[in-house]
Amino acid sequence: AEMAAARLGENRLVSLPLSRIRVIMKSSPEVSSINQDALFLTAKATELFVQYLASYSYKHGRGKEKNALTYTDLSHTAEECETFQFLADILPKKILASKYLKMLEKEKQDGEVGEDDEEVQEEEDEDE
Amino acid sequence: LPDGVNISKEARSAISRAASVFVLYATSCANNFAMKGKRKTLNAGDVLSAMEEMEFQRFMVPLKESLEVYRREQKGKKEARKDKDKKADSEEQDKSQEEDNEEEDERMEEEEPNDEEEVDN
């Protein structure tokens, strides 16, 4: 019911649900209203973007050695490719929790507070 | 991606977040163009301009092509609705494209599946 698809069957014009895209767009306070065409284009552009991000990361990363698209490859893309730099904050590099704790210790000793508290992720095994 | 490539839960979740951020960034950018044009409603041109601004020129051609198909399909639906529902005037259609009224929008979204059923092929 959420799929406001423009066609029936497998050849949907866009595969992301328009209603969900609309919710995200409307969460921006400055936006008052959205034309139907603009909603469609945004959904379509997001679809293209996801394909681009995934294929770029796969191509330029090491995950393909194991036939996988990994978080690390995505994170590298955000960090290294200018086009995707706006994603850098939400795709942070991972460090070992132990390393992070040591960093915190050191910063406490130096009398400074770490800024990146919320961005660190623990390393996980990606082979599922 | 090539067939059979595995995508971990972590990577999936990352892509999902990235998509949301993309929508926000694109919307904000498109909104700037709308404001420049002194308009309150985001339109297709604003989104396309945003893509250029964000350096996704590679999307331009596929987007424009999809948009054309979408518009044709919407027009087809509108004509089908006209027969059944006299108030599908083109001005009304423009108004219903704006989101002043959440209810109207929901109704539009609900109607679409019905339309598919009712159109005679």
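Modeller: Helices here are DSSP runs of H or I that cover at least four residues, strands are runs of E with at least two, and both are numbered from the N terminus. With that in hand, please keep in mind that the model is a predicted one.

Let me start with the extent of the contact, to which chain B brings 56 residues and chain A brings 54 residues. The size of an interface is often given as the accessible area lost when the parts come together. Between chain B and chain A that buried area comes to about 5200 Å², with 63% of it given by carbon and sulfur atoms.

For polar contacts, the count between the chains is 13 residue pairs, both residues being at pLDDT 80 or more. On the side of chain B that touches chain A, at least two residues come from each of β1 (6-7), α1 (9-36), β2 (41-42), α2 (44-53), α3 (60-84) and α5 (102-118) of chain B. Of these, α1(B) gives the most, with 17 residues, and the residues of this side of chain B divide into 28 nonpolar, twelve polar and 16 charged.

For orientation, chain A holds four helices and two strands, which follow the pattern α-β-α-β-α-α along the sequence, and 44% of the 128 residues in chain A are buried.

Met25(A) lies in helix α1 of chain A, residues 18-26, and counts as buried because its relative accessibility is 1%, where the limit for buried is under 20%. Neighbours within four places in sequence aside, Met25(A) is in contact with Val31(A), Ile34(A), Leu39(A) and Thr42(A) in chain A, and with Val23(B), Thr27(B) and Leu42(B) in chain B. The second residue, Ala45(A), has its place in helix α2 of chain A, residues 36-60, and its relative accessibility of 0% is why Ala45(A) counts as buried. With neighbours within four places again left aside, Ala45(A) is in contact with Phe22(B), Met51(B), Phe59(B) and Leu63(B).

Finally, two loop residues of chain B deserve a look at their backbone. Most residues other than glycine have a negative phi. Lys38(B), in the loop between α1 and β2 of chain B, has a positive phi near 55°, and Lys38(B) is exposed because its relative accessible area is 78%. Glu55(B), in the loop between α2 and α3 of chain B, likewise has a positive phi, near 65°.

Key
Residues numbered from 1 in each chain as written. Chains lettered and ligands numbered in written order. Predicted model: local features only at pLDDT ≥ 70, side-chain atom pairs only at ≥ 80, totals over all residues. Heavy atoms only, no water. Contact = heavy atoms within 4.5 Å. Buried area = accessible area lost by both parts, 1.4 Å probe. Polar contact = N/O pair within 3.5 Å; in protein donor to acceptor, adjacent residues only side chain to side chain. Nonpolar A, V, L, I, M, F, W, Y, C, P; charged D, E, K, R; others polar. Buried < 20%, exposed > 50% of the residue type's maximum accessible area, 1.4 Å probe, protein only.
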